[in-house]
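Today I am opening a new notebook page on helix packing.

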Amino acid sequence: MAGKILVVDDDAANRELLQESLVAEGLEVITAPDGRSSLEEFARLKPDLVLLDVNMPFLDGFEVCRRLKSNPETRLTPVVLVTGLTGREDRVRGIKSGADGFLSKPVDHSELLAHVRSLLNLKAHTDELERAESVLFALARCIEGKDPNTEGHCERLSGYSVRLGEEIGLTEDQLVALRRAGIVHDIGKVAVPETILLKPGRLTPEEFRVIQQHPVLGERICAPLKSFRLVLPIIRHHHEKLDGSGYPDGLKGEEIPLTARVLQIVDVYDALTTQRPYKRAFSRAEALEMMEEEVKKGCWDAGIFQAFCKMPSGASAAAGHTAG
Ligand SMILES: [Fe+2]
């Protein structure tokens with residue numbers, strides 16, 4: 001077994017006992033004597049697994065677990081609550097705080113190792129998945145970097161579509177999908193030649209057909225990642241229009257996934273408020289006026305557009321992108 005384990009207990013004898021058992025298995029162990037210092041050690045040393053006592057001074061184990069599990073940076077690290085409490089209520093509280101497992105005191109050696117082994121395996125898989133995501137994000141940023149007009153666009157689009165999604169009450173899963181889609185939605189442009197991607201002025205019908213392939217190709221690139229299941233429809237359908245005149249599938253109205261309709265509004269606004277070789281950057285008021293016309297023509301979702309208009313202008317003014 002390999003991995004770094006953070007053992008948190010206010011009782012020094014308990015800490016040492018767990019540490020000895022784990023070090024004997026070849027594992028790296030770090031310890032903390034209370035909840036507050038455990039969070040500092042976690043941030044500093046980024047362990048692969050946390051064994052967490054429940055009753056401790058300052059912050060108890062439930063609260064430490066809740067904090068780790070509510071932070072997107074730390075929530076994928078498994079946490080096991082090690083407790084003398086056996087009541088059902090405490091188990092339920094532990095589950096609610098996001099714990100991945102429980103061990104009862106006094107800790108049984110083989111039960112401890114079985115838990116540790118399976119959760120370290122899980123963490124190794126999660127890390128692998130994160131690496132795959134990082135590769136996709138890096139590729140998406142390279143594509144964005146080819147076009148000097150769209151610098152920083154992906155980050156802005158990602159952050160702002162999440163805020164718009166929150167505004168209209170999307171679920172947490174949908175918001176996570178939007179955050180990812182904001183970064184990778186144009187990843188299919190990797191196959192579009194720069195002569196087309198950066199062409200000033202109008203595209204020929206043939207060039208436009210090449211551009212139109214990017215949502216389908218983007219979907220194909222990201223499809224092997226199971227965690228991107230909710231991201232794929234956003235990638236594929238971010239250029240559809242409500243009246244069916246968009247691409248690649250000519251979907252109409254609510255056939256277009258809600259999350260894709262959210263991303264579109266921010267994407268279009270971004271294109272309008274960003275300077276391009278063939279156009280100046282329009283002001284917020286001008287952009288919203290143009291978009292309102294397009295909503296009336298049946299391009300974009302009226303309800304989502306209204307929610308977008310109500311959002312603070314400072315934030316939306318900071319958005320900006322290519323609709324390509
Ligand atoms: Fe696109």
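I began with what the buried residues of α7 touch: they pack against α5 (109–146), α6 (153–167), α10 (214–222), α11 (232–237) and α12 (258–272). Contact here means C-beta atoms, placed from the backbone, within 7 Å. Helices are DSSP runs (H or I, at least four residues), numbered from the N terminus.

A note on the source: this is a predicted model, where local features need pLDDT of at least 70, side-chain atom pairs count only at pLDDT 80 or more, and totals for chains, interfaces and linings use all residues. Residues are numbered from 1 along each chain as its sequence is written.

Next I listed the buried residues of α7 and found Q174, A177, L178, R180, A181, G182, I183 and V184. Buried means that 20 or more other C-beta atoms lie within 10 Å of a residue's own, with C-beta atoms placed from the backbone.

I then checked the length of α7 (residues 172–184): its 13 residues should span 18 Å at 1.5 Å a residue, and its end C-alpha atoms are 19 Å apart, which agrees. The expected span is 1.5 Å times one less than the number of residues.

My last stop was α12 with α13 (residues 284–297), which pack at an angle of about 130° with axes 9 Å apart. Axes are lines fitted to C-alpha atoms over the stretch in contact, and angles run from 0 to 180 degrees between N-to-C directions. I noted V268, Y269 and L272 of α12 meeting A287, M290 and M291 of α13.

Definitions and conventions:
Helix = DSSP H or I, 4+ residues; strand = E, 2+ residues; numbered from the N terminus. Buried ≥ 20, exposed ≤ 12 C-beta atoms within 10 Å, placed from the backbone. Contact = placed C-beta atoms within 7 Å.
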